[in-house]
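I opened this entry to keep a record of what I looked up in the structure.

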Amino acid sequence: MERSDGKMRYNTQDPDGETSIQFLPTPDPKPVKKDKGKKWVVAAVVIGAAIIALVIGLLVWRFLKPTTMKKMYGGSMRITSATFQDVYEDSNSTQYQDLAGQVVSQLASMYQNSADLSKHYVGTSVEGFSEGSVIAYYLSEFNVPASQEATVDSAISTISKIRSRMANDAQSLSFDELTLSAVDSRMFQKKLTSKQKFTLHAKGDTPQEITSPGFLNSTYPSNAIILWQLRAARGNVIKLKFDTFMLDDDCSSDFVRVYDSLVEDESCLLAEKCGHYAPTEPVIFFSSGNVMLLTLVTNDEHSYPGFKAYFSQVPASTRECDADLRGSNGNFSSPEYPSYYPPSVDCLWNIEVPTGKYVKVRFLKFLLSDLGYTGSSCQKDYVTIDGQKYCGEKKDVFVVINKSNKMKVLFHSDKSLVDRGFLAEFEAFEPTNPCPDTFRCKNYRCIKPQLKCNGWNDCGDNSDEMNCICNATQISCKNGFCKSPIWKCDGVDDCGDGTDEMGCGTCQSGEVSCQNGKCISEKMKCDGQDNCGDGSDEQNCASVSVVPCTSLTYQCADQKCINKANAECDGTPDCEDGSDEANCDCGRQLFRTSRIVGGQNSLEGEWPWQVSLHIKNQGHVCGASLISDTWLVTAAHCVQDQDSMRLSQPGTWEVYLGLHDQNAKNIERVVKKYLKSVIQHPNYNEYTYDFDIALMQLDSPVTFSQYIMPICLPNPAHDFPVGKSVWITGWGKTQEDGKLAQVLQKAEVRIINSTVCNQLMSNQITSRMLCAGVLSGGVDACQGDSGGPLASLDIGRRYFLPGVVSWGDGCARKNRPGIYTRVTQFRGWIKEKTGV
Ligand code: 4AZ
């Protein structure tokens, strides 16, 4: 027996061998009777059993209890038995509360009548009223077992089909146009710890500013939902225009939603927007009535700066869109183009060209929302021409003709999800000669006759490349196309059916070919050994591992090499020391490339590493790229002394960062800097343009902004594969014998195989050069672009600098690609000179 302190407690072992716990009430205990002890034992067993049963019960309840979820449904109804009064805008007024009470009981009684809804119904809140006669907006909450979600959704959808109801007593309401739809669960997730709601009324014609909290001074609040209910006077619609739109890139949890309602009614959702929009890319929405709801939902990141928008009222009557279009040509567009078209509109254009001619309509841009719908039935927003519907997003220009001098074009938008709409031109043509002096594509586009059978899809529907007779030198693709022989075995499927890449390797079956032409056994691929001798058998392996260093491996800061050439800043830490993801504050394009701002003009802030190099008092001569807060990369030939000019001297130059328009240099976002030093590559050859690279050091560090940011430098092994699409940017000449551009230009080109390029460029291509372009001509860098970036968007959504604009044989000529300095060859030199 083990004794405690003898005062409080001890264990007794009774003759039956049972153990019990006794509390000693007094220092002098009475003898314990045997039958009393038994009672204690029984009691203890009963209590113990009860506790065990309770614990088991709780566990069973916890795990077998059906898990329930919160479901919210938002909607509106048009109350026909009431007339709108201004007090209905004041939620504290008795009139508001009376009517809200009636709406709540009306909805409650409808839910009670449904067996699938009544048991899960929690409550309804009225969120506002608007004119017409009175429209009530509400949110209803349900607590639904997960297994019953579909049943509840279907019961709600039955209710939302109630078209109208006449009151049969004084208590109930007469209403019609009822809507009810499940609110997106991100709008009421538990994480949203802060909720704010504002109600704003448009003041005459004066736009009112709305900003996300803390706009411009601080980050916007995290894990918050903010709602702005916007109202306009009767007979008006609301125009909401975003001036600045810069939210987090994570669109799943940080976004703005705009509703054509006063509540989160998904059937009236106009758009969900996230990320960044350039100031030149209008983000403007219109409501169909005199209310709108703007919402902001944020995630746990403290993002900056948020948005600034203006809202104003526009008379509904000015929004008529029907028109008669007469004459031989003209253009027309969906309402508010290039802003988002309003919901619930129908427009009819009656086109009539001179008698005897036929009508042709060319859609230059076409972006109609068909979200939530698949197939070609065009159920949401569409254009109808002669009974044929067109919808969705069309990447290429498309043409519709009518064999008469008249055409009716109809545009319809439904009540939710809007897009930018369309821009179209109409034209009369001779019935006997639809494409004068040009080739007529199957899709009725007219193209220059010399583009027929040139190996490129100029029509957009390949009809210019059909039924061609390939000449002896061309590749005859199995699908009937003829392609230039230079594309044979270049690693890119140019035919589209692989013909040009067939029979290229000489390796046997069971072998794979190395980049250096050697054949090795398939088993040696990704075995951690450099069997090829050039490391190419250890590239593109399923898992990243430490391998012997070669020219194709990435070297971590700890000097170990890994078999992932493009490991740096791709968002995945691959090196043991994490060095591949260090120093990655580069290459981010804050503004998305627009779908609609066409042509070659860049968006403001689209290429924040682009620098304009000016000779003092003379203007722009070359481009450069920002690689840190003090260093620029440019071309050596830009800083080569000339007879009259000391271009190698820092004092010759002034540099502009954050510049978009050469005629707008004195604005706040543009930073003008001078240079401390210029370093031309010592091996630069002014005759061959070999080693055409130079570095420039700013006299003081530049502060990064949304318009000024460095581009990422590729490590020596970084692979920019043949055929990859890359961007050239600059203020260079827009034609070989033309003028410099005023606004920063952009063009998309592709990396070209060096062997092919060397053949095209009379053997002038060295290993320090990289070729890129469009071999059919028409797209290229030109004089004045030199020194500027060739930018490649890589994994991790960052731009890298594969090349510096160097030289070419003229500009944009057919089969004459642009030649760029291959930056991977100079990574070590850049590091040595700049520390970057
Ligand atoms: C130049 O003179 C130049 N087509 C730059 C690039 C190209 C041609 C000329 C490429 O700066």
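The entries below go through the predicted model topic by topic.

**Ligand site**

An N or O atom in the side chain of Asp780 is 2.6 Å from a nitrogen atom of the ligand. Ala781 takes part through its backbone, where an N or O atom lies 2.9 Å from a ligand nitrogen. For Ser786 I noted a polar side-chain atom 2.4 Å from an oxygen atom of the ligand. I then checked how much of the ligand is covered: taken alone it exposes 300 Å², and the protein buries 84% of that.

**Seven-stranded sheet**

I traced the strand order of this open sheet as β42-β41-β38-β39-β40-β44-β43, with antiparallel pairing. From one strand to the next, the twist averages 30°.

Strand β38 (residues 610-615) and strand β41 (residues 653-657) run antiparallel and are joined by five bridges. Within this pair, His614 stands opposite Glu654 of β41.

I also asked which strands helix α6 lies across. Helix α6 (residues 827-834) lies across β40 (631-634), β43 and β44 (694-698), and it runs at about 30° to β44.

**Three-stranded sheet**

I found an open sheet of three strands in the order β35-β37-β36, again with antiparallel pairing. Its edge strands are β35 (546-547) and β36 (554-555), each of which pairs on one side only. Two bridges join β35 to β37 (residues 561-562). Val546 has Ile562 of β37 as its bridge partner.

**Backbone details**

Most residues other than glycine have a negative phi, and most peptide bonds are trans. I therefore looked for exceptions to that general rule.

Where is the cis bond at Ser133 placed? The peptide bond from Gly132 to Ser133 is cis, with omega near -20°, and Ser133 sits in the loop between β4 (121-131) and β5 (134-145). Another cis peptide bond joins Tyr337 and Pro338, with omega about 5°. Pro338 lies in the loop between β20 (329-333) and β21 (345-352).

Asn223 is not a glycine, yet its phi is positive, about 45°. I placed Asn223 in the loop between β10 (208-211) and β11 (224-231).

**Phe439**

I ended with Phe439, which lies in strand β29 (residues 439-440). What does Phe439 contact, leaving aside its neighbours within four places in sequence? I listed Arg445, Cys446, Ile447, Pro449, Lys452, Cys459, Ser463 and Asp464. I also looked up the separation of Phe439 and Tyr687, which are 248 residues apart along the chain. Their C-alpha atoms are separated by 43 Å.

Definitions and conventions
Residues are numbered from 1 along each chain as its sequence is written. This is a predicted model: local features need pLDDT of at least 70, side-chain atom pairs count only at pLDDT 80 or more; totals for chains, interfaces and linings use all residues. Side-chain values use heavy atoms; hydrogens and water are left out. Two strands pair if DSSP finds at least two bridges between them. Helices (H or I, at least four residues) and strands (E, at least two) are DSSP runs, numbered from the N terminus. Axes are lines fitted to C-alpha atoms, for helices over the stretch in contact, and angles run from 0 to 180 degrees between N-to-C directions. Contact means heavy atoms within 4.5 Å. A polar contact is a pair of N or O atoms within 3.5 Å; within protein, one must be able to donate a hydrogen and the other to accept it, and residues adjacent in sequence count only if both atoms are side-chain atoms. Accessible areas come from the Shrake-Rupley method with a 1.4 Å probe; for residues, only the protein chains shown count as cover.
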